[in-house]
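Me: Hi! I'm new to this one, could you walk me through it?

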Amino acid sequence: MEDVRAVTRHIPPGRVTTYGAIAEFLTLGSARMVGWALFQGVSLTDDLPAHRVVNRRGELSGRNHFSTPTTMQERLEAEGVVVRNDRVEDFATRFWSPNELLNL
DNA sequence: ACGCTGACTGGGT
DNA sequence: CACCCAGCCAGCG
């Protein structure tokens with residue numbers, strides 16, 4: 001679960017990744033665990049950029065777990081990410097894979 | 001122990 | 001792109 005937080009903190013501003021990508025990168029059993037870990041992490045710290053983690057379709061499925069249901073979208077747009085109808089526009093190009101970490 | 005639920009996903013339609 | 005379905009696994013009543 002610390003791993004999930006670590007990876008999440010490495011997501012570049014203006015980019016997003018998916019639960020599944022993180023789950024696969026950390027070889028967790030399922031993507032649900034990532035959401036669970038983030039929920040725990042956010043409750044504890046709050047300095048976690050969890051708003052950069054969305055589901056496979058680029059939807060802000062976790063917005064209801066933030067202080068307000070609009071926090072996630074606002075943080076994303078503050079970084080230049082266009083969100084329309086609870087979905088990240090241009091998701092394919094905005095997507096960032098944790099594997100990029102191995103490439104640096 | 002059991003069944004439900006959920007920040008999920010891949011595959012098929 | 002949207003919907004449905006079957007796996008997925010930890011937490012909770």
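Reply: Happy to; below we talk about the DNA contacts and a few residues.

Me: What should I know before we start?
Reply: This is a predicted model, where local features need pLDDT of at least 70 and side-chain atom pairs count only at pLDDT 80 or more, while totals for chains, interfaces and linings use all residues. Residues are numbered from 1 along each chain as its sequence is written, chains are lettered from A and ligands numbered from 1 in the order in which they are written, and side-chain values use heavy atoms, leaving out hydrogens and water.

Me: Great. Which residues come nearest to DNA strand B?
Reply: Y19, G20, R32, R56 and H65 come nearest, out of 16 residues around DNA strand B. A residue counts as near a strand if one of its heavy atoms lies within 4 Å of it.

Me: Where does a polar side-chain atom of H65 sit?
Reply: It lies 2.5 Å from a phosphate oxygen of DNA strand B. That is a polar contact, a pair of N or O atoms within 3.5 Å; within protein, one must be able to donate a hydrogen and the other to accept it, and residues adjacent in sequence count only if both atoms are side-chain atoms. A backbone N or O atom of G35 lies 3.3 Å from a base nitrogen of DNA strand B.

Me: Which helix gives the most to the surface near DNA strand B?
Reply: Helix 3, with five residues. Helices here are DSSP runs (H or I, at least four residues), as are strands (E, at least two), numbered from the N terminus.

Me: Now DNA strand C. Which residues are around that one?
Reply: S30, R32, M33, W36, R57 and R87. Helix 3 gives the most to this surface too, with three residues, and 72% of the atoms of DNA strand C within 4 Å of the protein belong to sugar or phosphate, the rest to bases.

Me: What does R32 do there?
Reply: A polar side-chain atom of R32 lies 3.0 Å from a base oxygen of DNA strand C.

Me: Changing topic: is T18 buried or exposed?
Reply: T18 is buried, because its relative accessible area is 10%; buried means under 20%, exposed over 50%, and partly exposed in between (1.4 Å probe, protein chains only). T18 belongs to strand 1 (residues 17-18), and a polar atom of its side chain lies 3.0 Å from the backbone nitrogen of A21.

Me: Why does L44 count as exposed?
Reply: Because its relative accessibility is 62%. L44 is in helix 3 (residues 32-44).
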